[in-house]
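Student: I would like to learn how to read the helices, domains and contacts of a model. Could we take one case and go through it in turn?

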Protein chains: 2
Amino acid sequence: MNDFSIGIDLGGTNLRIAAFTSEWYRLEAITIPTRVQDGPGAVLDDMCAAVRKLVAGCGGGGNLAGMGLGSPGPLELPSGRLLTPPNLPGFERLELKTELEKRLQVPVIVECDANAAALAECHAGVGRKSNCLSLCMLTLGTGVGSGIILNGRVWHGFAGMAGEAGHVPVYHGGLLCGCGTHGCLEQYASATAIARAGQELTHTRTHNGFGTITARSIAEAALAGDTESQRIYDCVGEALGIGLASLVSMLNVPLYVIGGGVAAAWDLFAPAMFAEMDRGSYIYRLTRPANPAEYEAGKTNVFPAELGPDSGLLGAAMLPFFQSLSS
Amino acid sequence: MNDFSIGIDLGGTNLRIAAFTSEWYRLEAITIPTRVQDGPGAVLDDMCAAVRKLVAGCGGGGNLAGMGLGSPGPLELPSGRLLTPPNLPGFERLELKTELEKRLQVPVIVECDANAAALAECHAGVGRKSNCLSLCMLTLGTGVGSGIILNGRVWHGFAGMAGEAGHVPVYHGGLLCGCGTHGCLEQYASATAIARAGQELTHTRTHNGFGTITARSIAEAALAGDTESQRIYDCVGEALGIGLASLVSMLNVPLYVIGGGVAAAWDLFAPAMFAEMDRGSYIYRLTRPANPAEYEAGKTNVFPAELGPDSGLLGAAMLPFFQSLSS
């Protein structure tokens with residue numbers, strides 16, 4: 001048996017732990033609820049029990065080559081200390097890396113979940129298919145996460161806060177964001193923002209044809225021909241295009257990857273996104289190939305993510321092999 | 001005599017060539033007008049004649065350790081090919097690197113002038129004083145140039161276009177920019193933008209107390225107590241703050257350096273700039289020490305440039321020693 005590595009994906013709802021081969025083939029996985037209400041100690045114990053189970057199951061002849069953990073932010077890196085994660089109440093200032101290493105007696109690399117997902121897309125998803133090692137990935141979910149990969153490695157900045165594209169101001173003086181500032185991309189392109197726009201829409205209608213209003217139900221309505229629902233996704237595309245235009249002008253990486261649940265509605269928001277990139281960026285040869293295999297080197301390429309919701313878990317397992325860049 | 005390196009600063013008005021020691025002490029310099037009207041061949045010949053003169057003058061016992069050139073953009077890197085530089089008409093698509101190397105028979109590293117200036121500030125200016133190797137420098141002159149230095153090396157992106165912060169959209173749908181898009185930072189924070197705002201101001205006044213209106217004359221009026229002139233610099237500060245907030249959220253480098261002629265008016269625009277960074281960025285511990293020697297590690301620091309208008313020339317001479325990062 002070959003060497004294997006273990007990835008841990010700490011989510012506000014589920015805790016997932018999996019073992020992967022060095023070719024990133026998944027050997028075994030464990031998913032359990034995250035016992036947030038029982039506190040950090042209980043969750044750390046659950047993680048460690050699952051890790052030991054996987055090591056026992058995969059260890060026949062193979063060696064544990066490394067272990068990584070992806071966590072919701074904000075997070076101080078490379079120290080691996082949680083700051084004040086909104087989805088993990090009671091976990092403030094938890095020394096994730098130190099506590100895990102104390103319990104497991106092996107080194108653990110801790111990373112933002114969005115950075116781990118970007119790393120996975122780089123080495124096993126869009127980046128691999130397009131043979132491109134520098135990318136920025138935006139993850140459109142409850143919030144907007146993002147990660148920057150430069151030449152195959154996560155760019156951290158000085159405190160692990162690089163790639164917070166969700167908090168780039170796209171409309172100056174726009175909507176108030178949870179971070180305390182105004183007009184952040186997250187307020188226009190997250191699933192939360194889309195659902196809110198849908199709820200506002202129903203208030204102005206004489207009938208409510210939606211049932212529970214989510215980003216997905218609005219996408220379904222748009223696909224069924226509802227023009228106001230389509231307009232919501234046009235706004236998502238415009239905000240994304242403004243944010244991407246900033247990224248293109250500053251970072252000039254050749255590849256942008258859009259992931260997270262909202263990315264499933266690619267066909268609904270991509271036309272407005274590309275139009276705004278054309279309009280809003282000092283344009284670096286924007287190209288629109290149909291899929292990553294048709295990636296055009298020397299141009300700006302934008303694709304939906306390839307790996308789906310497991311990218312963060314796989315990326316966590318990759319962390320020990322691609323040392324992050326910090327300033 | 002020790003080894004020396006040569007830097008060339010190709011400007012639209014002047015051509016400057018200088019030799020530096022490996023401690024970045026300037027040995028000798030030549031400044032001549034850039035004969036733009038005589039075409040690229042004449043300018044290349046002037047450069048080469050000056051280089052040969054410096055080599056002859058400095059070469060007694062020392063070796064030429066390397067040569068670099070900073071040029072106005074846009075420029076394709078690392079190939080060193082000019083694209084369509086607005087201040088060098090007739091120089092479109094000039095193979096700067098290839099042509100120089102053919103004439104001089106030594107390797108020449110070509111770089112954007114704003115990137116060269118950022119490299120110099122990193123290794124001999126603000127970065128050196130603050131002991132910080134990752135920074136983003138904005139150069140506020142006729143336009144707004146910028147350069148990103150990660151761990152002591154220029155970040156190029158895929159086509160040498162990284163760090164075009166002058167074309168980051170700060171006001172969506174704002175003023176039309178020369179690049180063809182709207183609301184770019186350059187339209188609010190360049191000397192050109194400040195002079196234009198001043199000219200508009202005099203149109204609304206019954207008397208004109210300015211003489212020739214420049215960014216500098218408006219700064220002088222503001223310092224003399226003219227509140228409308230001060231308001232122009234408040235707007236510069238706000239636009240800079242919005243652009244810096246984007247940079248902080250995306251790049252998370254710990255150090256931002258403001259250079260170019262407009263930076264002399266630091267006291268006029270800095271308060272609004274810091275206020276907007278506080279308001280507009282998911283704030284990463286913004287700090288305001290008085291000078292680079294009081295730089296605070298682990299925080300976001302912003303300082304005026306230290307090196308003045310020669311930073312691009314010195315940075316050009318440094319290029320052979322700090323290989324750029326491309327994607």
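Predicted model: local features only at pLDDT ≥ 70, side-chain atom pairs only at ≥ 80, totals over all residues.

Student: What counts as buried or exposed, and as a helix or strand?

Tutor: A residue is buried if 20 or more other C-beta atoms, placed from the backbone, lie within 10 Å of its own, exposed if 12 or fewer, and partly exposed in between. Helices (H or I, at least four residues) and strands (E, at least two) are DSSP runs, numbered from the N terminus. B:Gly41, in helix 1 of chain B, counts as exposed because it has 11 C-beta neighbours inside 10 Å.

Student: Which residues of helix 1 of chain B are buried?

Tutor: The buried ones are B:Val43, B:Met47, B:Ala50, B:Val51, B:Leu54 and B:Cys58. They lie on the same side of helix 1 of chain B because they cover an arc of only 100 degrees around the axis (directions run from the helix axis to the C-beta atoms). Their cover includes strand 1 (4–10), strand 2 (14–21), strand 3 (26–33) and helix 2 (96–104) of chain B; contact here puts C-beta atoms, placed from the backbone, within 7 Å.

Student: How many residues does helix 1 of chain B have, and what span does it reach?

Tutor: An expected span is 1.5 Å times one less than the number of residues. Helix 1 (residues 40–58) of chain B has 19 residues and reaches 27 Å from first C-alpha to last, close to the expected 27 Å.

Student: Which residues are buried in helix 2 of chain B?

Tutor: B:Leu96, B:Lys97 and B:Leu100 are. Their arc is only 90 degrees, which puts them on the same side of helix 2 of chain B. Helix 1, strand 4 (64–71), strand 6 (81–82) and strand 7 (109–112) of chain B are among what covers them. After helix 2 of chain B comes B:Gln105, with a positive phi near 60 degrees.

Student: How is chain A divided into domains?

Tutor: Bounds come from an automatic or database domain assignment. Chain A has domain 1 (4–113) and domain 2 (131–306), with centres 28 Å apart over C-alpha atoms. Each of these two domains gives eight residues to the contact.

Student: What radius of gyration does chain A have?

Tutor: The globule rule, over C-alpha atoms, is 2.2 Å times the number of residues to the power 0.38. For 327 residues a compact globule would be near 20 Å, and chain A agrees at 20 Å. Of its residues, 53% count as buried.

Conventions
Residues numbered from 1 in each chain as written. Chains lettered and ligands numbered in written order.
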